[in-house]
Structures are given as C-alpha cells and as structure tokens.
Amino acid sequence: MEMAVGMAMAPARTAAATAVGFYSPLKASIFSTSFGLDSSPPRGLTISSNKRLSSIIIPRASSSAAAVEGGSNSETDTIIPIPKVIIDLDSDPDATVVEITFGDRLGALLDTMSALKNLGLNVVKANVYLDSSGKHNKFAITRASTGRKVEDPEMLEAIRLTIINNLLEYHPESSAQLALGEAFGMDPPPNKIDVDIATHIHVYDDGPDRSLLVVESADRPGLLVDLVRIVSDINIAVESGEFDTEGLLAKAKFHVSYRGKALIKPLQQVLSNSLRYFIRRPSTEDASF
C-alpha cells in the first residue's frame, strides 16, 4: 500500500538550515489516543486544544555527503521517473516507516538520514530493494528522545518536506515531477493539476470497528496536517494510516472510527463532503477576489 504552509528557501543552495513555516488553524497535534464527543478518550488521534502550527525549522545536513546522496543521474537519461515518498504508520508497530523511490537514481541517502537525525529522529533500520519500478530505500524511524514511532502530524509533515527538499537539492531534475518544484525547484512542473479533477475521496467499510478513508488530490505543503484537522472537526478518530507523495499527487489512507465503531453511511457522506469542500476551497477563494 502506497501512502503538504509556506517554505522560505534562499535561491542559493547552502548548508544552512532551510526554514519551513507551517500556518494552519490546527487543533490536532498527536497521533496517540483520540478525539471524540465522549469525555473518556477512545483510541486514535489526540487533538490538543489551543495549539496552532508554528514555524518548524527543517535542518539540512552538510553537503559533505552529496557525493553519496546522488545515484545514477547521467545527462543522457531521457525518462525522468516519478519520485515517491511514502510515510507508513501501519506496517511496523514500533517505528514509522518511510520509503523513498526515484527510479534507479537514488544513492545511499546518507545526507537525508543525517537531516532526519537533525530533526531529533533516529533511523533504526534501513534497507534497499529493487523491483521493476526501481530502487526503494526504506527507513524505520523513531524519536530520539523516546525511542517511539513518530505519529505527530506536524513532525510527519516535517519529515516529508525534508525528504522532498533533499530530492530537489541532489536531484534537481525531480522538480519537474514534484508540486514543490513550482516554487523551489530548478524546473517547475510543465503541467499543473486541476484540483477538482484530481480530487477523489472514498470511505470503505473495514470491519465492525473502523472504516478506511482514501483521499487523492493535488499535493501541496501542509495537506497531511490539514486533512487530519478536518477529520477531527467532525469528531472522527484517526487510528493509523499512510500518506504518499507520488509526483504531483498526494494519496492518504487513514483508518478512522467514530466512538470506537465503523462510520455509518450518513457520517461517511459528511466526512467525504467536508474534505471535498476544504480541498477545493482555496482555489474558490482565490477566484472570488
């Protein structure tokens, strides 16, 4: 299963830290217990009150590892693969699994692992495997302070943007394939995605105790955090999930429940309508001015 707010980055690439600012009226902060209407907390995502997304500094590792960061990147290469970043909270009970794919162009990604360490994270396991889509680099990540998996949506977004930032740094040809390449890459994507056409939202039954929410839309910074906030606003618990960046698209898969049970059909429709309205609203507001 394959699983986005402003960035401020100087045009010149340096070894200094890159500042990635988050601003969202988020009430949610931690994937840990849950939120709901009951006074006793059910399982899932905890929403803490009075918390707003603040500025997060995403460190960049020194450029000394640049030689091993890059993989095959010959000027004779004509087909640029689609970069993929998968953040998986389901497959490992003790760690957050991150997978990075960019054809056969990725090297050892030592600089990326160093940048993640500067976020206060440990890479406890790493492996590489090959298949028909290319080389897959998979990391198991925990918080250095606690040794536990990362479930805070703000930190998950920081991890995602750190990885994408390094892709743009060491593989500038990837900018034409990434939404963030529009503002921060060498070459912007040649075609923009229509958010109305690209957005697909489905809710499926997944047993008596939970449902599966699947969202696909045009990628943008902060999208992961905002999706969690919208779900929390209608008192639905997010128990686990996966968030994928696949080129210009973002794909989220969340296990959700309401009061410990699967979502009934009317609530599924409310959730779907709320997410669809929120995802489409920014372009509607822009057009109204």
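## Confidence along the chain

Residues 1–68 keep a pLDDT under 50. For this stretch the model has 197 contacts beyond four places in sequence. This is a predicted model, and pLDDT is the predictor's confidence in each residue, from 0 to 100.

A stretch at residues 283–289 also stays under 50. There the model has 1 contact beyond four places in sequence. Over the protein chain, pLDDT averages 77. A score of at least 70 is reached by 70% of the residues.

## The nonpolar core

Start with the inside. The largest nonpolar core holds 52 residues. Those with the most contacts inside this core are I159, L213, L227, F254 and L275. Helix α3, residues 153–170, supplies the largest share of the core, with 9 residues. In soluble globular proteins, nonpolar side chains tend to be buried together.

What does I159 touch, not counting residues up to four places away in sequence? Its partners are V98, L116, L119, L121 and V150.

## Strand β6 and its two partners

Strand β6 covers residues 84–88. Of its 5 residues, 5 are buried, so β6 is largely enclosed by the rest of the structure. In a regular strand the side chains alternate between the two faces of the sheet. Here K84, I86 and D88 point one way, while V85 and I87 point the other way. All of them are buried.

Which strands pair with β6? One is β7, residues 96–101, which runs antiparallel to β6 and is joined to it by 5 bridges. Within that pairing, I86 has E99 as its bridge partner. The other is β12, residues 237–246, again antiparallel and again over 5 bridges. In β12, E242 stands opposite D88.

## A hairpin: β8 and β9

Strand β8 spans residues 121–131, and strand β9 spans residues 134–143. The two run antiparallel, with 10 bridges between them. A hairpin of 2 residues connects β8 to β9. Across the pair, A126 stands opposite F139 in β9.

## Helix α6

Helix α6 runs over residues 223–233 and is mostly covered. How many of its 11 residues are buried? The count is 10. They are L223, L224, V225, D226, L227, V228, R229, I230, V231 and S232. One of them, L227, is also among the residues with the most contacts inside the largest nonpolar core.

D233 counts as partly exposed, because its relative accessibility is 39%. Just after the helix, N235 takes a positive phi of about 60°.

## Salt bridges

The model has 13 salt bridges. Take three of them in turn.

D233 and R229 meet through their side chains at 3.5 Å, N to O. Both sit in helix α6, 4 residues apart, so about one helical turn separates them. R229 is buried, with a relative accessible area of 9%. Elsewhere, salt bridges that share partners join E157, R160 and D219 into one network.

D219 and R160 form a salt bridge at 3.2 Å, N to O. D219 lies in the loop between β11 (211–218) and α6, while R160 lies in helix α3, so the pair ties together parts that are 59 residues apart in sequence. Are these two residues buried or exposed? Both D219 and R160 are buried.

R143 and D152 meet at 3.8 Å, N to O. R143 has 23% relative accessibility, so this residue counts as partly exposed. D152 has 14%, so it counts as buried. The cut-off behind these labels is simple: buried means under 20% relative accessible area.

## Around E182

E182 is found in helix α4, residues 181–184. With 42% relative accessibility, E182 counts as partly exposed. Which residues does E182 contact, leaving aside its neighbours within four places in sequence? They are P188, P189 and K192.

K192 is 10 residues from E182 along the chain. Their C-alpha atoms are separated by 9.2 Å.

Methods: Residues numbered from 1 in each chain as written. Predicted model: local features only at pLDDT ≥ 70, side-chain atom pairs only at ≥ 80, totals over all residues. Heavy atoms only, no water. Core = buried A, V, L, I, M, F, W, Y, C linked by side-chain atoms within 4.5 Å. Buried < 20%, exposed > 50% of the residue type's maximum accessible area, 1.4 Å probe, protein only. Contact = heavy atoms within 4.5 Å. Pairing = 2+ DSSP bridges. Salt bridge = Lys/Arg side-chain N within 4 Å of Asp/Glu carboxyl O.
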